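Dear colleague,

I am handing over the structure we spoke about, with the sequence alongside. Please have a look at it first, and then read on for what was found.

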Amino acid sequence: MKLPRHTGRDIDEPDRVEVDHFELCPVCGQLFDMRDLGQVMEHLHGPESDIEPTQPN
């Protein structure tokens, strides 16, 4: 079966349930979606980095 490029399906593990994509933050106790980089970044509860991002040339 040929799937369209963006279907929202996990073609490697089609039987994986939605809850498997969530983690419980050990610091604040909230669930967050590991597929969402924004949510992952919000739950990095460490000291702020003083490294400046570089711009590509």
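Of the 57 residues in the chain, 9% count as buried, and please keep in mind throughout that this is a predicted model. The chain exposes about 5700 Å², of which carbon and sulfur atoms supply 53%. As for secondary structure, there are one helix and two strands, and they follow the pattern β-β-α when read along the sequence. Among the contacts in the chain with a separation of 6 or more, residues 24 or more positions apart account for 0%.

In one of them, the side chains of Glu18 and Arg35 meet at 2.6 Å, N to O. Because Glu18 lies in the segment before E1, whereas Arg35 sits in the loop between strand E2 (31-33) and helix H1 (37-42), this pair ties together parts that are 17 residues apart in sequence. Arg35 also forms a salt bridge with Asp33, and here the closest N and O atoms are 2.9 Å apart.

Leaving aside residues up to four places away in sequence, His21 touches Arg16, Phe32, Asp33, Met34 and Arg35. Two of the residues in this list, Asp33 and Arg35, are the partners in the salt bridge with N and O atoms 2.9 Å apart.

Finally, there is a nonpolar patch on the surface, formed by Phe22, Leu24 and Leu31, which together have about 300 Å² of accessible area. Leu24 belongs to strand E1, which covers residues 22-24. At 53% relative accessibility, Leu24 counts as exposed because the cut-off for that class is over 50%.

Methods: Residues are numbered from 1 along each chain as its sequence is written. This is a predicted model: local features need pLDDT of at least 70, side-chain atom pairs count only at pLDDT 80 or more; totals for chains, interfaces and linings use all residues. Side-chain values use heavy atoms; hydrogens and water are left out. Patches are made of residues with over 30% relative accessible area and no salt bridge: like charges are joined within 9 Å, nonpolar side chains (Val, Leu, Ile, Met, Phe, Trp, Tyr) within 5 Å. Accessible areas come from the Shrake-Rupley method with a 1.4 Å probe; for residues, only the protein chains shown count as cover. A salt bridge is a side-chain nitrogen of Lys or Arg within 4 Å of a carboxyl oxygen of Asp or Glu. Helices (H or I, at least four residues) and strands (E, at least two) are DSSP runs, numbered from the N terminus. Buried means under 20% relative accessible area, exposed over 50%, partly exposed in between (1.4 Å probe, protein chains only). Contact means heavy atoms within 4.5 Å.
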